[in-house]
Amino acid sequence: MKHMLFNLDQYKKYLVVLLSGAEVRVLEVYLARTTDEVQLQTNHELQRRLGRSGHADNWESRDAEYERRFTKEVSGGLNQYFLDDPDFERLVLGGNQKLAHAVRHGLHPSVRDRLVSIESIDFKASEIDVADHIKKVADQFEVDHDLTVVEDIVSRFNRDGTGVVENQGVAEALARGQVKTLVIPYPLDAEEFDRLLLEATRQGAEIEFVYGPAAEKLNEFGGVGARLYFAS
């Protein structure tokens with residue numbers, strides 16, 4: 001089961017939104033964390049919903065009111081999209097930097113939390129170039145994210161008891177129905193964690209695998225941790 005859960009966890013879905021003065025380009029990038037595999041496709045439906053038809057006018061000639069309406073519509077469309085379809089875990093903005101920053105300010109806090117960064121990606125960049133750029137951004141972001149997850153659990157464990165580490169502590173928290181997120185290092189060889197994974201799945205808890213430096217850090221604390229809904 002752990003290998004099935006790992007396979008579900010390893011694919012990270014990035015929504016890339018590139019902006020120009022007249023159009024919006026939307027790409028979906030799927031990354032496998034343990035390989036160099038990258039899949040990319042255009043999200044035509046969202047692109048159509050967010051995009052504007054081009055005009056002969058140049059972007060520099062458009063007034064502030066046009067920019068305000070344009071960015072409001074794009075940020076509003078993204079907010080609704082993430083509310084309707086929470087499947088995408090990460091968001092990257094690019095293209096015209098001024099527009100991208102304006103759209104960021106209009107995002108709902110829950111959507112802004114998914115924003116990884118605003119990148120200098122040309123609006124007309126090829127799909128291969130976009131995929132290569134996002135792969136580099138994603139690799140570093142996921143390393144940093146995993147470290148943050150482990151450090152947060154350790155901090156909670158030391159601060160207020162809303163985090164727990166080591167097998168016995170996690171098992172007891174699961175028995176009390178306290179576990180919000182179970183965190184496991186990968187690669188995972190220890191069969192002793194299978195019971196924890198099974199119980200977390202049965203309870204509907206989130207399961208997250210961490211890699212590299214984060215996995216090494218978690219192994220220093222018994223190789224497993226959990227974020228809790230409430231302290232004991």
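**View 1. Serine 75 and its surroundings.** The side chain of serine 75 reaches the backbone oxygen of threonine 71 at 2.9 Å, a polar contact (a pair of N or O atoms within 3.5 Å; within protein, one must be able to donate a hydrogen and the other to accept it, and residues adjacent in sequence count only if both atoms are side-chain atoms). This is a predicted model, in which local features need pLDDT of at least 70 and side-chain atom pairs count only at pLDDT 80 or more, while totals for chains, interfaces and linings use all residues. Residues are numbered from 1 along each chain as its sequence is written, and side-chain values use heavy atoms, with hydrogens and water left out. Serine 75 has its place in helix H3; helices (H or I, at least four residues) and strands (E, at least two) are DSSP runs, numbered from the N terminus. Serine 75 counts as buried because its relative accessibility is 4%, where buried means under 20% relative accessible area, exposed over 50%, and partly exposed in between (1.4 Å probe, protein chains only). Leaving aside residues up to four places away in sequence, serine 75 touches Val103, Gly106 and Leu107; contact means heavy atoms within 4.5 Å.

**View 2. The largest nonpolar core.** A nonpolar core is a set of buried Ala, Val, Leu, Ile, Met, Phe, Trp, Tyr and Cys residues joined through side-chain atoms within 4.5 Å. The largest one has 24 residues, of which Leu15, Val17, Leu19, Val24, Leu78, Leu91 and Leu93 touch the most other members. Two or more residues each come from strand S1 (11-19), strand S2 (24-32), helix H2 (44-50), helix H3 (64-84), S4, helix H4 (97-106) and strand S5 (115-118). H3 gives the largest share, six residues. Another core, of 20 residues, lies apart from this one and has Val170, Leu197, Ala226 and Leu228 among its members.

**View 3. Contacts of leucine 91.** Not counting residues up to four places away in sequence, leucine 91 touches Leu15, Val17, Phe82, Leu107, Val111, Arg114, Leu115, Val116 and Ser117.

**View 4. A salt bridge between arginine 90 and glutamate 142.** The two side chains meet at 2.9 Å, N to O; a salt bridge is a side-chain nitrogen of Lys or Arg within 4 Å of a carboxyl oxygen of Asp or Glu. The pair links distant parts of the chain, with arginine 90 in strand S4 (residues 90-95) and glutamate 142 in helix H6 (residues 127-159), 52 residues apart. Arginine 90 and glutamate 142 are both buried.

View 5. Glutamate 199 pairs with arginine 202, and their closest N and O atoms are 2.5 Å apart. Both residues lie in helix H8 (residues 194-203), three residues apart, about one turn of the helix. Glutamate 199 is partly exposed because its relative accessible area is 24%, whereas arginine 202 is exposed, with 63%.

**View 6. Further salt bridges.** Aspartate 160 and arginine 159 meet through their side chains in a salt bridge of 3.7 Å, N to O. Aspartate 160 counts as partly exposed at 37% relative accessibility, and arginine 159 as exposed at 53%. Elsewhere, a network of salt bridges links Glu65, Arg68 and Arg69. A search of the whole structure finds 10 salt bridges.

**View 7. The protein chain as background to the close-ups.** The chain has nine helices and nine strands, and 47% of its 232 residues count as buried.
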